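Subject: Structure handover

Dear colleague,

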Amino acid sequence: MPTLILVRHGRSTANTEGVLAGWTPGIALDERGAAQAAALPGRLAGLPIAEVVTSPLQRCQETVRPLLDARPGLSPHTDERIGECHYGDWSGRKLAELMDEPLMEVVQTYPTAVEFPGGESMRAMQHRAAEAVREWNARVEREHGADAVYLMCSHGDIIKSLVADALGLHLDLFQRISVEPCSITAIRYTRLRPFLVRLGDTGDFASLAPREQPPSGDATVGGGAGAP
């Protein structure tokens with residue numbers, strides 16, 4: 001079965017502003033995110049990518065554009081099932097404000113019980129994304145062979161939920177996983193089990209350095225902004 005390369009979109013204007021973007025339209029890559037996207041073709045140069053699948057949201061479309069420009073033989077496929085979680089009424093709000101919401105504690109500790117007001121549940125988010133991967137695995141294998149490599153550009157919570165699915169990790173534990181902007185996660189699927197072969201690889205270790213204000217123990221909903 002194929003190997004899936006999961007790319008989180010580059011750093012966006014919402015990431016730097018501390019806003020939970022969700023499906024809010026018009027969220028673009030910031031300057032750093034554009035540079036991350038520009039570097040993506042070089043990082044993936046050694047991989048024979050058979051297909052590119054992307055979230056419909058602008059920040060993902062912008063992230064894969066340099067890769068597609070470098071490989072004119074590739075045509076992107078858009079799949080709404082790997083689009084961002086529908087955060088409903090939380091979309092567009094500051095993350096700092098959301099930390100005071102009682103639901104945030106549930107998001108951190110018991111995601112399977114979470115349904116965002118006016119949005120979707122985290123279980124539904126994981127289910128649709130995992131179903132998309134399974135269908136694309138079958139399609140890519142059928143059209144390109146069992147050893148094919150393909151790429152999906154998606155969002156932090158989506159990628160974390162797919163990693164949890166591959167590891168057989170309960171969704172209530174998925175907040176232990178971290179994927180930075182424009183990081184690469186790779187899952188090799190086989191008949192018996194998936195293998196997680198890369199997780200959140202950016203090639204940059206700056207985010208591991210001590211910070212003036214140590215990060216809290218809470219996971220950033222939607223994914224953090226990465227290194228300063």
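How many of the six residues of strand S4 (residues 149–154) are buried? Six of the six are, so S4 is largely enclosed by the rest of the structure. Buried here means under 20% relative accessible area, with exposed set at over 50% and partly exposed in between (1.4 Å probe, protein chains only). Helices (H or I, at least four residues) and strands (E, at least two) are DSSP runs, numbered from the N terminus.

This is a predicted model, in which local features need pLDDT of at least 70 and side-chain atom pairs count only at pLDDT 80 or more, while totals for chains, interfaces and linings use all residues. Residues are numbered from 1 along each chain as its sequence is written, and side-chain values use heavy atoms, with hydrogens and water left out.

To continue with S4: Val149, Leu151 and Cys153 are buried on one side, and Tyr150, Met152 and Ser154 are buried on the other, so that both faces are covered. In a regular strand the side chains alternate between the two faces of the sheet. S4 pairs in the parallel sense with strand S1 (residues 3–8) over six bridges, and Leu4 stands opposite Tyr150. S4 also pairs in the parallel sense with strand S2 (residues 49–54), over four bridges, where Ile49 stands opposite Val149. Two strands count as paired if DSSP finds at least two bridges between them.

Next, a helix pair. The axes of helix H2 (residues 31–43) and helix H3 (residues 58–70) come within 8 Å and cross at roughly 40 degrees. That makes H2 oblique to H3; angles under 35 degrees count as roughly parallel, over 145 as roughly antiparallel, 65 to 115 as roughly perpendicular and the rest as oblique. Axes are lines fitted to C-alpha atoms, for helices over the stretch in contact, and angles run from 0 to 180 degrees between N-to-C directions. Ala37, Ala38, Leu40 and Pro41 in H2 meet Glu62, Thr63, Pro66, Leu67 and Ala70 in H3, contact meaning heavy atoms within 4.5 Å.

Two single residues remain. Arg128, in helix H6 (residues 122–144), is buried, with a relative accessible area of 14%. Leaving aside neighbours within four places in sequence, the contacts of Arg128 include Glu80, Glu84, Glu120 and Ile158.

Cys182 lies in the loop between helix H7 (156–167) and strand S5 (184–189) and is buried at 2% relative accessibility. Cys182 has a positive phi of about 60 degrees although it is not a glycine. Most residues other than glycine have a negative phi.

Regards
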